[in-house]
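The sequence and the structure are shown first.

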2 protein chains.
Amino acid sequence: MRVPPSGTPTVPGAGTLLRILRDGRPRTRSELAAVTGLARSTVAQRVDALLASGLIGPAGEAASTGGRPPTTFAFMPSARVVLAADLGATYARLALTDMAGYVLAETRADLDIATGPETVLDWVITHGRKLLEQVGRSPGELLGVGIGLPGPVEHSTGRAVNPPIMPGWDGFDVPGYVEARFFGPVLVDNDVNIMALGEHFARWGDASHLMFVKVATGIGCGIISDGGVYRGAKGAAGDLGHIQVPHGTGHPCRCGNTGCLEAVASGSAIAAELAEQGIAARTALDVVELARSGSVPALRSLRQSGRDIGEVLAASVNMLNPSIIVIGGSLALAGDHLLAGVREVIYQRSLPLATEDLRIVSAQMGERAGVIGAAVMVIEYGLSPERVEVLVSGG
Amino acid sequence: MRVPPSGTPTVPGAGTLLRILRDGRPRTRSELAAVTGLARSTVAQRVDALLASGLIGPAGEAASTGGRPPTTFAFMPSARVVLAADLGATYARLALTDMAGYVLAETRADLDIATGPETVLDWVITHGRKLLEQVGRSPGELLGVGIGLPGPVEHSTGRAVNPPIMPGWDGFDVPGYVEARFFGPVLVDNDVNIMALGEHFARWGDASHLMFVKVATGIGCGIISDGGVYRGAKGAAGDLGHIQVPHGTGHPCRCGNTGCLEAVASGSAIAAELAEQGIAARTALDVVELARSGSVPALRSLRQSGRDIGEVLAASVNMLNPSIIVIGGSLALAGDHLLAGVREVIYQRSLPLATEDLRIVSAQMGERAGVIGAAVMVIEYGLSPERVEVLVSGG
């Protein structure tokens, strides 16, 4: 991968021109020269390179000011495609999108992540090829491959790090495996970060600071700040599930501590609590079904889970001052009881300035959030100025 | 203020050239053309504009490759000066720095912020002029003025917002007042954000994600992410003091809630607690003096305060994954008892991945952190590419 030497500003080459055109508005060479301050000849050369790569195309003629009317050029989102995979604990979703995040084809399967990286990634590759065939595209037309995993991921290397529910994946070179057998670049992130990206891209693009909370078997959080994932120093940011809840003492957590939010308020914690009361519940989905069928203990537990999550989120609202909190994951599908609990505590506990314009909403993208986010991750990387220079030079 | 239309990339004009030269290394016109990809003629034109403004100067000759040896150019940090003010509840500090943050002259006074904005800002202006005279510079040579205030500030407008200890300041147009009587641009932020900037700039520049915690009469936090202040949606990020402490119930806080960290662990909370035990203590500074004289109840209270702060920070560490936490403010001056309490709880409570490389340290800049940070705020703004274009065009 060719990148400019660190510390130097981006050369305003083809990539910067493309960034301007990504808003979808066609422009003439003169307009591009005016907006960049570059010489007409430089712009012409870079427009030619982008035309040759197919990333832009002619988009009709502008009004003439005398003489031959000038041609306008526009971004062509269908020039390349993106393969996006959302791999959960027990399912896999795969989508092929264009460079505007529009889904061209998709598929889904029950697939246990614990069958290990080769089995799961081979499924991604096999069905990736099938989706490409289905829409008549070739692997060479891929901008890249995005993969979400249900565990901690070192984003810079694409490797899972001590993932609790993914035997065989620890340290496995996911990008290397897929690039050797299929196509690259391959970007990997954890499921919550890509869901946060997907929800933000598809529904809440106006929010400068978003927190996406996934409440399912476990509890996690993805933070979007100024359009990108906030990762922190080691990529560990957003670990909401293992923050201590004040009254959580005594609940042992799978992380080794006690009283973690996940040990008190997750789908599995609620199921265990209901089972203790003699109600048949083993999983997060059992809780959702009980809630849907009107089980009062389940509804009460969901509400309390929301309050516990709100308790922990209230502190994060004071620290991070988000503009929107999006509650997703399977437990959010069980009606508004969880959301109501979250709202109740946050509006009571957080500072007026931090909650003044704060929206707390349910996720809107359902099961598609992950694949859309995985695609967005690839698009933002693949269309960054540095990568576009690689694309137009045939890299 | 001239800014490029939103959504367009920065024109690589004089500002981008200067950004390259800010590393201090002299470069020839050819080297600048090579690193930017710009035409030699364009570089020559922009170098001339920067030379005329004084922001860069000739820095000797490069080795010749035959013919006349080419001139190199370097950033001239002394071309402009910065006036930086750190206004506390009962004191004011003022410094004049160059554009590398080096202090050229400084002064300090006991000044009550409650005497109101005109009195306090007139002091800044009067003594700002004196400092300029002292080093033989004129107001016209200022890059700008930076001001830190001991209360919440709307950074975009420079106005204080409902500041609890600053009667008469609410909504007061600080930049307007100073620009009309002295010089601009004037940037304003709260004291904790500028202290965070100052500590980061002067001592911890290698840390990508820093949290600065000020423990004094109150408790606040400034967050530095990728070199800049993390503000959140409404600029309210970092409000650590009003997060609830698990065992804090019953302690009323000045914010109207009960159990806030500030109501339990701040200097005034500790002083009140010691006073209840019959020990003569009214202020945070009394607590510091008691601790220095070896008072066991004071040391015990400081340690417990550290634990309480650690309790709240542990959650923030999981969410934000900082690389360093810097503990400052007057209570941090009372030895390592506070710091020890903070460390004890964070290393026990936070996740291994988040604490693996986490450093928890005492602030190093003492009372100077604020003025250095206020200067850095002005330098980063004033030398941004957009502002440099204003400077070189004589704006």
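In which sense do strand S11 and strand S12 of chain B pair, and over how many bridges? In this predicted model, S11(B), residues 209-215, and S12(B), residues 219-225, pair in the antiparallel sense over seven bridges. Within this pairing, B:His209 stands opposite B:Ser225 in S12(B).

Both strands belong to an open sheet of five strands in chain B, which has mixed pairing and runs in the order S13-S12-S11-S14-S15. Because strand S13 (228-229) and strand S15 (359-362) of chain B stand at the edges and have a single partner strand each, one side of each is left without a neighbour in the sheet. Helix H11 of chain B, residues 337-349, packs on this sheet and touches S11, strand S14 (324-328) and S15 of chain B, while the direction of H11(B) makes about 170° with that of S15(B).

**The contact between the chains**

Turning to the interface, 46 residues of chain A are in contact with 44 residues of chain B.

| Helix | Residues |
|---|---|
| H1(A) | 14-21 |
| H2(A) | 29-36 |
| H10(A) | 296-320 |
| H12(A) | 352-355 |

The largest share of that side, six residues, comes from H10(A). By residue class, the side of chain A that touches chain B divides into 23 nonpolar, 16 polar and seven charged residues.

H1(A), one of the helices that supply this side, is mostly covered, with six of its eight residues buried. These buried residues are A:Ala14, A:Gly15, A:Thr16, A:Leu17, A:Leu18 and A:Leu21. What covers them includes, from chain A, strand S1 (27-28), H2, helix H3 (40-53), strand S2 (56-61), strand S3 (71-75) and helix H14 (385-392).

**How the two copies are related**

In general, two copies of a chain are related by a rotation about an axis and a shift along it. Here a rotation of 180°, with 0.1 Å of shift along its axis, superposes chain A on chain B with an RMSD of 0.1 Å. The two copies are therefore related as by a two-fold rotation axis. Of the residues of chain A, A:Pro246 comes closest to the rotation axis, its C-alpha lying at 2.6 Å. Since 96% of the interface residues of chain A are also interface residues in chain B, the copies meet through the same surface.

Terms used:
Residues are numbered from 1 along each chain as its sequence is written. Chains are lettered from A and ligands numbered from 1 in the order in which they are written. This is a predicted model: local features need pLDDT of at least 70, side-chain atom pairs count only at pLDDT 80 or more; totals for chains, interfaces and linings use all residues. Two residues are in contact if their C-beta atoms, placed from the backbone, lie within 7 Å. Helices (H or I, at least four residues) and strands (E, at least two) are DSSP runs, numbered from the N terminus. Ala, Val, Leu, Ile, Met, Phe, Trp, Tyr, Cys and Pro count as nonpolar, Asp, Glu, Lys and Arg as charged, and the others, Gly among them, as polar. A residue is buried if 20 or more other C-beta atoms lie within 10 Å of its own, exposed if 12 or fewer, and partly exposed in between; C-beta atoms are placed from the backbone. Two strands pair if DSSP finds at least two bridges between them. Axes are lines fitted to C-alpha atoms, for helices over the stretch in contact, and angles run from 0 to 180 degrees between N-to-C directions. Copies are superposed by least squares on the C-alpha atoms of residues with pLDDT of at least 70 in both.
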